Amino acid sequence: MPGILRQLSGLGGCTHPIRLDGHRTEYDVDTRTGEIGNLLHHLDSSDLPAGQLLVRCNNRRTNRCPACAEVYRRDTFHLITSGLRGGKGIPEQVGAHPRVFATFTAPSFGPVHNRPSSGRPCRCGDRHDQDAPALGSPLHPDTYDYEAAVLWNAHAGPLWRRFSIYLRREVAKRAGLTQRRFREYARVSFAKVAEYQKRGAVHFHAVVRLDGPDGGDTPPPTWASAELLTDAIEAAAAKVHVDGLVIDGRTHTFTFGRQLDVRAIRSADFNGGQELTERAVAAYIAKYATKGAETATGALDRPLRFVAELAQLDISDHARRLIRTAWALGARKDLAHLRLRAWAHMLCFRGHFSTKSRRYSTTLGALRDARADWRRAQAATANGPAPETTYVLAHWVFAGTGLSDAETWLAASLEPAPGTEGEPTHG
Ligand SMILES: [Zn+2]
Ligand SMILES: [Zn+2]
């Protein structure tokens with residue numbers, strides 16, 4: 001019993017671990033002759049209490065694995081935060097660079113039930129509650145542009161990439177520099193996350209930062225300001241478009257919607273209550289990095305194999321119609337590159353949920369490596385110092401996923417693993 005509990009507690013609450021069959025053997029190596037010496041350590045999966053090696057699934061999505069998604073959320077929080085106030089190898093001076101938080105929406109595909117910020121009722125005449133199921137669904141489903149809605153999501157990734165090019169151009173223009181010379185003076189870094197609106201359209205939230213020529217390590221030029229950056233973002237977002245798609249004689253052009261929100265980010269010290277703080281921004285991005293399309297599609301979180309599966313799902317008529325449209329368009333050879341059927345469950349957005357430019361801050365991989373190094377160091381302290389050179393023979397074979405009923409029951413009785421509690425949670 002203690003053995004199986006120890007093995008399960010090593011999963012840190014992961015409920016869908018990957019199971020591996022195999023072995024790992026470590027020998028020490030004579031550093032002078034290169035000869036393999038003593039057997040140091042041998043691990044055989046069949047000797048383990050669970051009969052297999054269990055490895056965390058590392059899924060980022062809360063509705064797949066809450067524990068792994070929580071680790072992902074914290075890592076994302078630190079990644080965003082280090083780009084805003086330094087740390088994790090990023091200098092603290094980035095806190096003084098111009099930074100904004102911007103939200104980019106999709107255009108309208110037809111009026112939907114909403115809660116206007118003006119406090120007026122919805123166009124249907126009702127005042128909807130905050131969690132009213134009608135929110136985000138079309139007022140007139142028969143005239144709602146489902147085709148454009150689905151295709152917009154499918155082009156949201158390319159639209160963002162093009163936007164980032166336009167943005168550098170617009171910043172350069174405001175500084176009176178050519179594109180080529182711009183790189184000698186400044187860099188634009190960003191980190192962004194995709195989120196689904198209730199109507200099923202993807203929108204992006206991004207931290208955009210203006211640095212010197214070598215990124216966060218170098219001070220931005222004197223002309224760089226949050227105002228200039230805001231102005232350039234607005235210009236680039238208004239200009240950017242992806243076109244060239246023609247379906248049955250209809251030419252589609254994909255642009256951002258007119259609803260664009262850009263706000264300067266202040267450091268926590270200047271938080272007057274109204275200001276957007278570094279912490280709030282990082283928490284917001286981290287939260288949405290662990291979500292999929294569930295705000296729009298509810299229970300559906302896996303690819304569909306047959307469109308007939310839709311009938312069995314507890315999803316809104318609007319989501320059903322978006323997916324049906326995706327499925328129908330997915331049959332077209334000329335749209336094969338959009339992989340509409342494979343991504344129908346995500347309403348055709350197939351981009352990464354959270355992305356960042358190379359120089360924004362550290363990487364999720366670096367954070368994971370640091371954690372693994374720390375664990376190894378802890379283990380080494382417990383088992384005595386590791387020899388300098390080891391020879392490792394290992395062979396692992398995928399044997400399935402998940403926990404047995406008994407393991408699930410035992411795992412549920414465990415306390416949260418050390419190091420996964422005590423950090424802030426965010427609304
Ligand atoms: Zn997991
Ligand atoms: Zn309404």
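I count a residue as buried if 20 or more other C-beta atoms lie within 10 Å of its own. I note at the outset that the model is predicted.

**Entry 1: Ala286**

I looked up Ala286 and found it in helix 6, which spans residues 278-289. Is Ala286 buried or exposed? Ala286 has 22 C-beta neighbours inside 10 Å and therefore counts as buried. I then asked which residues Ala286 is in contact with, leaving aside its neighbours within four places in sequence. Those residues are Arg73, Thr76, Phe77 and Ile80. I also checked Ala286 against Met346: 60 residues separate the pair in sequence, and their C-alpha atoms are 19 Å apart in space.

I next traced the open sheet, in which six strands follow the order 10-9-4-6-5-11 with mixed pairing. At its edges I found strand 10 (276-277) and strand 11 (354-356), each of which pairs on one side only. I recall that the strands of a sheet pair through backbone hydrogen bonds, either parallel or antiparallel.

In which sense do strand 9 and strand 10 pair? Strand 9, residues 260-266, pairs with strand 10 in the parallel sense, over two bridges. Within this pair I located Arg266, which stands opposite Thr277 of strand 10.

I then searched for helices on the sheet. Helix 3 packs on it and touches strand 5 (187-196) and strand 6 (202-211). The direction of helix 3 makes about 155 degrees with that of strand 5. Helix 5, residues 226-239, lies across strand 4 (99-104), strand 6 and strand 9. I read its angle to strand 4 as about 20 degrees.

I examined strand 5 separately. Why is strand 5 described as largely enclosed by the rest of the structure? I found nine of its 10 residues buried, so the description follows from that count.

How many bridges join strand 5 to strand 6? There are 10, and the two strands run antiparallel. One position I looked up here is Ala191, which stands opposite Val207 in strand 6. The hairpin of strand 5 and strand 6 has five residues between the strands, and in it Gly200 takes a positive phi near 95 degrees.

Strand 5 is also joined to strand 11, by three bridges, and these strands run antiparallel. I identified Ser354 in strand 11 as the bridge partner of Val193.

**Entry 2: helix 3 against helix 8**

I returned to helix 3, residues 146-174, and looked at its packing with helix 8, residues 317-329. The angle between the two is about 75 degrees, and their axes are 9 Å apart. Helix 3 is therefore roughly perpendicular to helix 8. From helix 3, Tyr146, Glu147, Ala149 and Val150 meet Arg321, Leu322, Thr325, Ala326 and Leu329 of helix 8.

**Entry 3: helix 1 against helix 10**

Lastly I looked up helix 1 (residues 2-9) and helix 10 (residues 405-412), which pack at an angle of about 75 degrees with their axes 10 Å apart. Helix 1 is thus roughly perpendicular to helix 10. Which residues meet in this packing? Helix 1 contributes Ile4, Leu5 and Leu8, which meet Glu407, Leu410 and Ala411 in helix 10. By class I recorded five nonpolar, no polar and one charged residues in the contact of helix 1 with helix 10.

Definitions and conventions:
Residues are numbered from 1 along each chain as its sequence is written. Chains are lettered from A and ligands numbered from 1 in the order in which they are written. This is a predicted model: local features need pLDDT of at least 70, side-chain atom pairs count only at pLDDT 80 or more; totals for chains, interfaces and linings use all residues. Axes are lines fitted to C-alpha atoms, for helices over the stretch in contact, and angles run from 0 to 180 degrees between N-to-C directions. Helices (H or I, at least four residues) and strands (E, at least two) are DSSP runs, numbered from the N terminus. Angles under 35 degrees count as roughly parallel, over 145 as roughly antiparallel, 65 to 115 as roughly perpendicular and the rest as oblique. Two residues are in contact if their C-beta atoms, placed from the backbone, lie within 7 Å. Ala, Val, Leu, Ile, Met, Phe, Trp, Tyr, Cys and Pro count as nonpolar, Asp, Glu, Lys and Arg as charged, and the others, Gly among them, as polar. Two strands pair if DSSP finds at least two bridges between them. A residue is buried if 20 or more other C-beta atoms lie within 10 Å of its own, exposed if 12 or fewer, and partly exposed in between; C-beta atoms are placed from the backbone.
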